[in-house]
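Good morning, and thank you for coming.

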Amino acid sequence: MKKNAIYLFANWKMYLDYDESNILANALASEAKNFDKRIKMAIFPSALSFYPVAQVFRDVGIGIGAQNVYWVDKGGYTGEVSANMYKEAGCEYALVGHSERRHLFGESLEETEKKFEAVLAAGLTPVLCVGETSAEKKNGITERVVKNQLESALKKISWPKGKEIIIAYEPVWAIGTGDACDPEEAQKIQEIIKETVKKTVPKAGYVAALYGGSVDGKNIGAFLAKSAIDGVLVGGASAKLKSWLEIIKESVKK
Ligand code: PEP
């Protein structure tokens, strides 16, 4: 069945410097009028490039998000940028709990929860990232890990009635490795995610479930063919014009 909306979210991580970010943003903006109307695209540039890229996307129907935020509004927090500051700069979304934050920078479940709350309080839409490591997968505890990550971020939240929730299932072992998850396996986890979110946040509106981890133009069709997968969060292949345009083209074939 054709999807009404296809989420194509691009995490540029720290792949692009200031000039490269602006060049890619302008190239995408000039293609935007050709994108299928079902595509909901959002780009997550580096903090340095955020503002100019947000200006480029302002009137072309491409959304913009922060890769990471701090939960305090203002103060002596060297190197951090708050959710409110992003909001003022035109931000709409923020990634929360990306596996690189959790595993490379040691972000705890409590810190992820604080960021999630701050993002929501600032009026941004959080994109909560969850996923198991390869050791957790081998130990057969994927479901437990994912449920714990979801519940710890969502349980105390006062969610606006009917507001959509976006969750990205990104198995840690699939990120940047070229070893994407089996789409059938991703579908099963997404079903568990949707069920857990509905139980934890009964007031929530639609639960949009994205898959992330080594998505490219060749495998995106197999993920989007799954009923529980509403879109993708892409790292490496989103930071180059050719591979991102291929993903865009392939995404609307399903
Ligand atoms: C990511 O970091 O969110 C991601 C999915 O990366 P990649 O597409 O490079 O695996």
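Which residues does Phe57 touch, not counting residues up to four places away in sequence? Please note at the outset that this is a predicted model. With that said, Phe57 touches Ala25, Leu28, Ala29, Ile43, Ile62, Gly63 and Ile64.

As general background, nonpolar side chains in soluble globular proteins tend to be buried together.

Trp244 takes us to helix α10, which spans residues 241-251. In this helix, Trp244, Ile247, Ile248, Glu250 and Ser251 are buried. What do the buried residues of α10 pack against? Their partners are β1 (6-11), α1 (18-31), β2 (39-44), α9 and β8.

Let us turn to strand β4, residues 93-96, where Leu95 has its place. Is Leu95 buried or exposed? Its relative accessible area is 3%, and the cut-off for a buried residue is under 20%, so Leu95 counts as buried. Beyond residues up to four places away in sequence, Leu95 touches Asn11, Phe44, Ala66, Gln67, Asn68, Val127, Cys129 and Leu233.

Glu92 lies in the loop between α3 (83-88) and β4. Its relative accessibility is 37%, and it therefore counts as partly exposed, a class that runs between 20% and 50%. Setting aside neighbours within four places in sequence, Glu92 is in contact with Ile62, Gly63, Ile64, Leu124 and Thr125. For Thr125, the C-alpha atom is 6.2 Å from that of Glu92, although the two are 33 residues apart in sequence.

Next, please look at Asp230, in the loop between α9 (220-224) and β8 (231-234). Asp230 has a relative accessible area of 7% and is buried. With which side chain does the side chain of Asp230 make a polar contact? The partner is the side chain of Tyr206, at 2.6 Å. Apart from neighbours within four places in sequence, the contacts of Asp230 include Lys3, Ala5, Ile6, Tyr7, Lys194 and Leu210.

Pro183 lies in helix α8, residues 183-200. With a relative accessible area of 18%, under the 20% cut-off, Pro183 is buried. Leaving out residues up to four places away in sequence, Pro183 touches Ala222, Phe223, Lys226 and Ile229. Pro183 and Tyr86, by contrast, are 34 Å apart in space, C-alpha to C-alpha, and 97 residues apart in sequence.

I come finally to the ligand. How many residues surround the ligand? There are 14, and the closest are Lys13, Glu170, Gly176, Ser214 and Gly235. By class, this shell has four nonpolar, eight polar and two charged residues.

Several polar atoms face oxygen atoms of the ligand. A polar side-chain atom of Glu170 is found 2.8 Å from one such oxygen. For Gly235, a backbone N or O atom lies 2.8 Å from an oxygen atom of the ligand. Gly236 has a polar backbone atom 2.9 Å from an oxygen atom of the ligand. The ligand exposes 290 Å² when taken alone, and the protein buries 97% of that.

Most residues other than glycine have a negative phi. Lys13, in the loop between β1 and α1, has a positive phi near 45°. Ser214, in the loop between β7 (207-212) and α9, also has a positive phi, of about 60°. Lys13 is buried at 12% relative accessibility, and Ser214 is buried at 19%.

That concludes the presentation, and I thank you for your attention.

Conventions:
Residues are numbered from 1 along each chain as its sequence is written. This is a predicted model: local features need pLDDT of at least 70, side-chain atom pairs count only at pLDDT 80 or more; totals for chains, interfaces and linings use all residues. Side-chain values use heavy atoms; hydrogens and water are left out. A residue is near a molecule or strand if one of its heavy atoms lies within 4 Å of it. A polar contact is a pair of N or O atoms within 3.5 Å; within protein, one must be able to donate a hydrogen and the other to accept it, and residues adjacent in sequence count only if both atoms are side-chain atoms. Accessible areas come from the Shrake-Rupley method with a 1.4 Å probe; for residues, only the protein chains shown count as cover. Ala, Val, Leu, Ile, Met, Phe, Trp, Tyr, Cys and Pro count as nonpolar, Asp, Glu, Lys and Arg as charged, and the others, Gly among them, as polar. Helices (H or I, at least four residues) and strands (E, at least two) are DSSP runs, numbered from the N terminus. Buried means under 20% relative accessible area, exposed over 50%, partly exposed in between (1.4 Å probe, protein chains only). Contact means heavy atoms within 4.5 Å.
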